[in-house]
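Here's a quick tour to read with the model open beside you.

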Amino acid sequence: MSLPTHIPVLLKETVGALSIQPGGRYIDCTVGGGGHAAAIMERSSPGGQLLGIDADPEAVKAARDGLAAYGSSVLIVNDNFANLEAICIKHDFLPVNGILFDLGLSSLQLASSGRGFSFQQDAPLDMRFDPGQKLTAADIVNDYSESELARIIREYGEESYSYRIARRIIAGRPIKTTLGLARVVEGAIGPRKGRIHPATRTFQALRIAVNNELGNLETAIKQAVNLLGYDGRLVVVSYHSLEDRIVKRLWQQESKDCICPLDVPVCRCQHTARLRIINRKVITPSVAEVEANPRARSARLRAAERIITEDEWRESTERLSFLGDINPGGWRKPIILREVLGVSSAPFQ
Ligand SMILES: C[S@@+](CC[C@H](N)C(=O)[O-])C[C@H]1O[C@@H](n2cnc3c(N)ncnc32)[C@H](O)[C@@H]1O
């Protein structure tokens with residue numbers, strides 16, 4: 001059976017938000033089948049470079065095959081994006097002009113037999129992006145306590161019947177396969193009423209827990225800000241509100257000059273903004289895109305731009321004082337530095 005190809009979601013919007021420059025350096029933290037990566041390479045030609053990361057060795061193989069035409073301009077590594085900074089240091093790939101996260105799982109993973117991501121086909125309860133990792137969904141389903149299971153299903157699946165499902169799972173142990181689990185969940189909360197299968201939220205919750213998706217995202221987003229050069233763009237496409245909330249919260253902090261609690265009269269945090277949020281309202285797919293690719297329906301895109309901090313500006317003005325027409329040590333808006341350096345900031349398209 002041939003596997004479906006993964007159609008990159010919000011492709012035009014993503015490359016627009018990354019504001020890709022010819023000769024630029026980009027990181028695709030979730031390279032998957034390489035759809036977004038190929039578009040980045042096309043736009044950054046001539047001279048563009050891309051570092052692609054994926055935790056799944058099958059995705060890495062697909063990306064290496066799909067992007068082979070770009071030769072040594074593309075480097076694909078099999079790693080977790082939680083190690084983003086270490087990966088960039090190891091490969092001497094920093095600073096960068098843009099970083100992309102297209103979260104969740106690909107159509108290839110969903111359709112791949114034996115990975116256990118979907119209840120559309122029977123498979124062992126696995127759900128690991130990285131098959132080298134020890135923890136599987138079967139471990140959580142068969143070994144965790146009722147309260148811990150209920151917490152995972154409630155928090156990561158936003159499922160209101162979490163306790164009922166957890167109780168049925170405990171009673172139904174051992175549960176070894178996807179269809180076995182789907183039947184237990186259906187038995188706990190009844191058959192499908194709307195568009196969504198009753199087991200959808202429980203499967204999402206287990207996948208998030210197995211792969212520590214929220215923890216890894218938080219770690220990686222913090223590191224990504226450190227890797228961006230001035231004007232560099234950070235773009236995240238997320239597929240549920242838990243991921244989106246993490247991105248929104250971290251970016252709100254990073255875009256403020258002070259993050260002291262409101263009742264502190266004088267700033268003590270010394271925090272300075274490093275990001276400018278580009279779209280306050282998330283970008284979502286068009287009706288036409290969702291019709292052509294139903295997987296896109298829950299996608300939401302956020303983009304931000306790295307700005308220079310006061311300290312970085314001081315350091316740069318000292319280095320650039322030989323130019324004469326700027327005031328060393330004086331704080332000016334980042335735009336002035338852009339003019340001095342002749343770096344253009346392409347408009348968001
Ligand atoms: C939605 S797919 C990306 C598809 C890709 N943009 C394309 O156009 O083909 C998400 C990918 O991210 C990978 N992934 C998820 N979490 C990861 C992590 N923490 N580290 C590295 N890769 C991860 C998955 O294995 C999957 O291949």
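This is a predicted model: local features need pLDDT of at least 70, side-chain atom pairs count only at pLDDT 80 or more; totals for chains, interfaces and linings use all residues.

The chain averages a pLDDT of 89, and 89% of its residues reach 70 or more.

**The nonpolar cores**

- The largest nonpolar core counts 55 residues, and Cys 29 and Ile 99 touch the most other members.
- Strand E5 (residues 228–238) is the top contributor to this core, giving six residues.
- Leaving out residues up to four places away in sequence, Cys 29 touches Ile 53, Phe 81, Leu 84, Ile 99, Leu 100, Phe 101 and Ala 220.
- There's also a second, separate core of 31 residues, with Leu 105, Ile 175, Ala 182 and Ala 188 among them.

**Strand E5 and its partners**

- E5 is largely enclosed by the rest of the structure, because 10 of its 11 residues are buried.
- On the parallel side of things, E5 is joined to strand E4 (residues 96–102) by six bridges.
- Ile 99, one of the two residues touching the most other members of the largest core, stands opposite Leu 234 in E5.
- With strand E7 (residues 300–306), E5 pairs in the antiparallel sense, again over six bridges.
- In that pairing, Val 237 sits opposite Leu 301 in E7.

- E2 is mostly covered, with six of its six residues buried.
- Gln 49, Leu 51 and Ile 53 point one way from E2, while Leu 50, Gly 52 and Asp 54 point the other way.
- Strand E1 (residues 25–28) runs parallel to E2, and the two pair over four bridges.
- Asp 28 is found opposite Gly 52 in E2.
- Of the 22 residues around the ligand, the ones that come nearest are Thr 30, Gly 32, Gly 33, Gly 35 and Ala 55.
- Sorted by class, that shell holds eight nonpolar, 11 polar and three charged residues.

**A buried aspartate**

- Asp 56 lies in the loop between E2 and helix H3 (57–66).
- Is Asp 56 buried or exposed? It has 24 other C-beta atoms within 10 Å, so Asp 56 is buried.
- Setting aside neighbours within four places in sequence, Asp 56 is in contact with Gln 109, Phe 129 and Asp 130.
- Asp 56 and Arg 128 are 72 residues apart along the chain, yet their C-alpha atoms are separated by 8.4 Å.

**Backbone spots to check**

- The peptide bond from Leu 94 to Pro 95 is cis, with omega near -5 degrees, and Pro 95 is in the loop between helix H4 (84–90) and E4.
- Arg 173 and Pro 174 are also joined by a cis peptide bond, with omega about 0 degrees; Pro 174 is in the loop between helix H8 (162–172) and helix H9 (178–189).
- Met 127 isn't a glycine, but its phi is positive, near 70 degrees. Met 127 counts as buried because it has 25 C-beta neighbours inside 10 Å.
- Gln 270 also has a positive phi, near 60 degrees. Gln 270 is exposed, with 10 other C-beta atoms within 10 Å.

Terms used
Residues are numbered from 1 along each chain as its sequence is written. A nonpolar core is a set of buried Ala, Val, Leu, Ile, Met, Phe, Trp, Tyr and Cys residues joined through C-beta atoms within 7 Å. A residue is buried if 20 or more other C-beta atoms lie within 10 Å of its own, exposed if 12 or fewer, and partly exposed in between; C-beta atoms are placed from the backbone. Two residues are in contact if their C-beta atoms, placed from the backbone, lie within 7 Å. A residue is near a molecule or strand if its C-beta atom, placed from the backbone, lies within 6 Å of it. Ala, Val, Leu, Ile, Met, Phe, Trp, Tyr, Cys and Pro count as nonpolar, Asp, Glu, Lys and Arg as charged, and the others, Gly among them, as polar. pLDDT is the predictor's confidence in each residue, from 0 to 100. Two strands pair if DSSP finds at least two bridges between them.
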